[in-house]
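Subject: Structure handover, charged side chains

Hello,

Here is the structure for you to look over. My notes on its charged side chains follow below.

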Amino acid sequence: MTDLRTALRDFPQAVGIVTATGPDGPVGVTVSSFTSASLHPPMVVVWIAEGASAWPVLRTAPLFAVHLLHAGQTALSDLFARTGSDRFGPTTRWESDVDGVPHLLDAPLRLRCRTSRRIAVGDHVALVGEPVEIQHNTGNPPLVRFQGRYTSVA
């Protein structure tokens with residue numbers, strides 16, 4: 001596993017946050033494994049560790065949102081990556097949509113998705129979603145992880 005992790009560090013990955021709402025309120029987690037899966041029909045995949053604090057909600061949530069971050073949002077990424085942090089506290093600009101799905105207001109790309117399927121693979125689950133709403137604001141370079149550090153493609 002260490003060899004695989006070391007090798008994959010040499011390939012940049014977009015940094016995002018996945019959010020959903022459960023019975024106890026909003027949940028979210030930072031992810032760096034996200035991709036488009038299909039254009040016809042439109043589908044995306046985000047990989048969630050089964051041990052992630054948001055997984056118990058994502059395991060049954062009918063809707064979720066994927067937010068890809070811009071280069072200036074490293075603190076937000078770190079906040080959602082830390083277990084036990086107040087992810088939806090006063091420092092996070094967010095609001096719930098009509099279905100209660102939390103939306104991060106400053107993310108340049110947000111995909112509101114209907115959950116299509118969940119596929120267990122090792123210690124992760126492929127959370128497959130059909131985008132039902134897309135919000136895209138251009139202008140800021142994306143936040144990526146490369147060689148264990150945040151960077152940008154700008």
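**The positive patch**

Arg 9 is partly exposed, at 41% relative accessible area. The cut-offs: buried is under 20%, exposed is over 50%, and partly exposed lies in between, with a 1.4 Å probe and protein chains only. Areas come from the Shrake-Rupley method, also with a 1.4 Å probe; for residues, only the protein chains shown count as cover. Arg 9 sits in the loop between helix H1 (2–8) and strand S1 (13–14). Helices (H or I, at least four residues) and strands (E, at least two) are DSSP runs, numbered from the N terminus.

Arg 9 belongs to a surface patch of positive charge, together with Arg 5, Arg 145 and Arg 149. Patch residues have over 30% relative accessible area and no salt bridge; like charges are joined within 9 Å, and nonpolar side chains (Val, Leu, Ile, Met, Phe, Trp, Tyr) within 5 Å. Lys and Arg count as positive, Asp and Glu as negative; His and the chain ends are not counted. Each charge is placed at NZ of Lys, CZ of Arg, CG of Asp or CD of Glu.

**Basis**

This is a predicted model: local features need pLDDT of at least 70, side-chain atom pairs count only at pLDDT 80 or more, and totals for chains, interfaces and linings use all residues. Residues are numbered from 1 along each chain as its sequence is written, and side-chain values use heavy atoms, with hydrogens and water left out.

**Salt bridges**

How many salt bridges does a search of the whole structure find? Five. The criterion is a side-chain nitrogen of Lys or Arg within 4 Å of a carboxyl oxygen of Asp or Glu.

One of them pairs Arg 112 with Asp 97, with the closest N and O atoms 2.4 Å apart. Arg 112 lies in strand S9 (residues 109–121) and Asp 97 in the loop between strand S7 (94–96) and strand S8 (102–104), so the pair ties together parts 15 residues apart in sequence. Both Arg 112 and Asp 97 are buried.

Arg 110 and Glu 133 form another, at 2.6 Å, N to O. This pair links strand S9 to strand S10 (residues 124–136), 23 residues apart. Arg 110 is buried at 7%. Glu 133 is partly exposed at 35%.

Arg 114 and Glu 130 also meet in a salt bridge, at 3.5 Å, N to O. Arg 114 is in strand S9 and Glu 130 in strand S10, 16 residues apart. Arg 114 is partly exposed at 41%, and Glu 130 is partly exposed at 31%.

Shared partners join Asp 97, Asp 99 and Arg 112 into one salt-bridge network.

Best wishes
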